[in-house]
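Today I am opening a new model and keeping notes as I go. Here is what I am looking at, and my entries follow.

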Amino acid sequence: MKTQCLCFLILCLHLSPDRCLPVLAGNLHPLILVPGLGGNQIEASLTGAYEPTAAACRPRDDGWFRLWLDRSALLDTQSQICFAERMRLFYDPEADDYCNAPGVRTRIPLFGSTMGFRYNDPDHKDDWSSYMAPLVERLEAIGYVEGETLFGAPYDFRYGLASAGHPSRVGSRFLRDLAELVENASASNGGKPVIILTHSFGGMLALQLLDRLPATWRKRFVKHFVPLAAPWGGTVLEMGIFATGTNHGLPFVDNLLMRPESQSWESNLWLLPSPRTFGEAPIVVTNHGNFSASRMSAFLEGVGFSEGVGPYQSRILPLLQELNPPLIPVTCIAGTGVATAEVFVYGDGGFDKLPEIVYGDGDGTVNLVSLLAIESEWFSFPEQDLKVIKLPNISHLDIVKHDSALSLVIEEILEINDGALRANS
Ligand SMILES: *[C@@H]1O[C@H](CO)[C@@H](O)[C@H](O)[C@H]1NC(C)=O
Ligand SMILES: *[C@@H]1O[C@H](CO)[C@@H](O)[C@H](O)[C@H]1NC(C)=O
Ligand SMILES: *[C@@H]1O[C@H](CO)[C@@H](O)[C@H](O)[C@H]1NC(C)=O
């Protein structure tokens, strides 16, 4: 019966989309997309309090500009230095919270819409820049309509969340906005509960939202949670980012220039390999000693980021213990079989030189053990409806871009909707 219904929907689309789509669209559960870290635009404006370290990064009084991401503003060393100091966060021990660099105001444009994360740099609609655009197009092809049944929740991905008892102004604000978006999307669709579809880090935030709201709220407003490529237990790659910096995937960007900036992001601390998932295995090997996930504080000291140790221990470590089942249906989809950094071996050049990398299984960005961590974590909760789908040879980004991965994701979304149609008829 189930397969029949699903086939009908798909056949219908193929044969006569114009006649079928409105019917299907009227029955769809609203869907909210939450992008991954670095996936959406951030705008900034600089106030008088902004004091650039380099003369060329003058305070700008021309209002808001796109800070993340504007490739054309990152082409030379000078502009990379300016970019890094504007993207940097600071931990304020007195407030026990993170804040922007002095004089840098930021905001996230297009909350509620998917327009802020279809392309990494909206000025360039090429393959590199394309992020959620292919996924959104496939959702639209089965009847989803932006602003009616399809919504997006971009956020300031430099910030994270903290464990209970610690303020987290920016992250908590995002969770409140996301909850309100869920409620609104449901209300404007006849009270239908929503499907939350996330990529990567977006899944960790969505799980925190679900865990922090009462079961009655979850049952009323959320039909299904579909995390794609979520790094539940962090990723080994993050240790390389703290040690050597990252070029943010832009070959012309100098990773060492970005190192203080990437180290300063609270979200990067959260994404470090969790002791719960990675245990005692040496992840960073150096001439002077090895570091495992359970020796993270020593590692942060070792890479010269001792100011990260306090917040890591007080705010992040307890958060890593919170991987609670949301007790609403979850379909977890992850790529596997792509070479993924498992150990970084640093030689005589120390952390300034790119390490040798030992590879293991994963999606190229996140290790398999982390992608599948909820499977073992939730094993002892039979009341948690959990389906795990592994996609061989699908990378961390391919999962939202590659045709075969998208077909499977769309199939799952149709099945979730189809199951609901049957239940209601
Ligand atoms: C939800 O709807 C209310 C009422 O229309 C609106 O004021 C609010 O901005 C909406 N919030 C979000 C996050 O969409
Ligand atoms: C560090 O790890 C490497 C590789 O696993 C191992 O050969 C070496 O003995 C370890 N060194 C120390 C000091 O534990
Ligand atoms: C895996 O994917 C890559 C890139 O899409 C492709 O070049 C390669 O042939 C694939 N390998 C296998 C074993 O399917």
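**Entry 1: ligand 1**

I looked up what surrounds ligand 1 in this predicted model, and I found F111, D177, E180, L181 and N184. A residue makes my list if one of its heavy atoms lies within 4 Å of the molecule. I sorted this shell by class and got two nonpolar, one polar and two charged residues. For the classes I take Ala, Val, Leu, Ile, Met, Phe, Trp, Tyr, Cys and Pro as nonpolar, Asp, Glu, Lys and Arg as charged, and the others, Gly among them, as polar.

Next I checked for polar contacts, meaning a pair of N or O atoms within 3.5 Å; within protein, one must be able to donate a hydrogen and the other to accept it, and residues adjacent in sequence count only if both atoms are side-chain atoms. A nitrogen atom of ligand 1 lies 2.7 Å from an N or O atom in the side chain of E180. For N184, I found a side-chain N or O atom 2.3 Å from an oxygen atom of ligand 1. Taken alone, ligand 1 exposes 370 Å², and the protein buries 39% of that. These accessible areas come from the Shrake-Rupley method with a 1.4 Å probe; for residues, only the protein chains shown count as cover.

A note on the ground rules: residues are numbered from 1 along each chain as its sequence is written, while chains are lettered from A and ligands numbered from 1 in the order in which they are written. The model is predicted, so local features need pLDDT of at least 70 and side-chain atom pairs count only at pLDDT 80 or more, while totals for chains, interfaces and linings use all residues; side-chain values use heavy atoms, with hydrogens and water left out.

**Entry 2: ligand 2**

Around ligand 2 I noted P282, V285 and N290. The side chain of N290 has an N or O atom 2.2 Å from an oxygen atom of this ligand. Ligand 2 exposes 370 Å² when taken alone, of which the protein buries 28%.

**Entry 3: helix α9 and its partners**

How do α3 and α9 lie relative to each other? The axes of α3 (residues 77-87) and α9 (residues 255-264) come within 8 Å and cross at roughly 10°, so the two helices are roughly parallel. Axes are lines fitted to C-alpha atoms, for helices over the stretch in contact, and angles run from 0 to 180 degrees between N-to-C directions. Under 35 degrees counts as roughly parallel, over 145 as roughly antiparallel, 65 to 115 as roughly perpendicular and the rest as oblique. Helices (H or I, at least four residues) and strands (E, at least two) are DSSP runs, numbered from the N terminus.

T77, Q80, I81, F83, A84 and M87 of α3 make the contact with L257, M258 and E261 of α9, where contact means heavy atoms within 4.5 Å. I counted six nonpolar, two polar and one charged residues there.

I then turned to α8 (residues 237-244), whose axis comes within 7 Å of that of α9 and crosses it at roughly 110°. That makes α8 roughly perpendicular to α9. I241, F242, A243 and T244 of α8 touch N255, L256, R259, S262 and Q263 of α9.

**Entry 4: two backbone details**

I found a cis peptide bond between W68 and L69, with omega about 0°. L69 sits in the loop between β3 (65-68) and α3. L110 is not a glycine, yet has a positive phi of about 70°; this residue is in the loop between β6 (104-107) and α4 (133-141).
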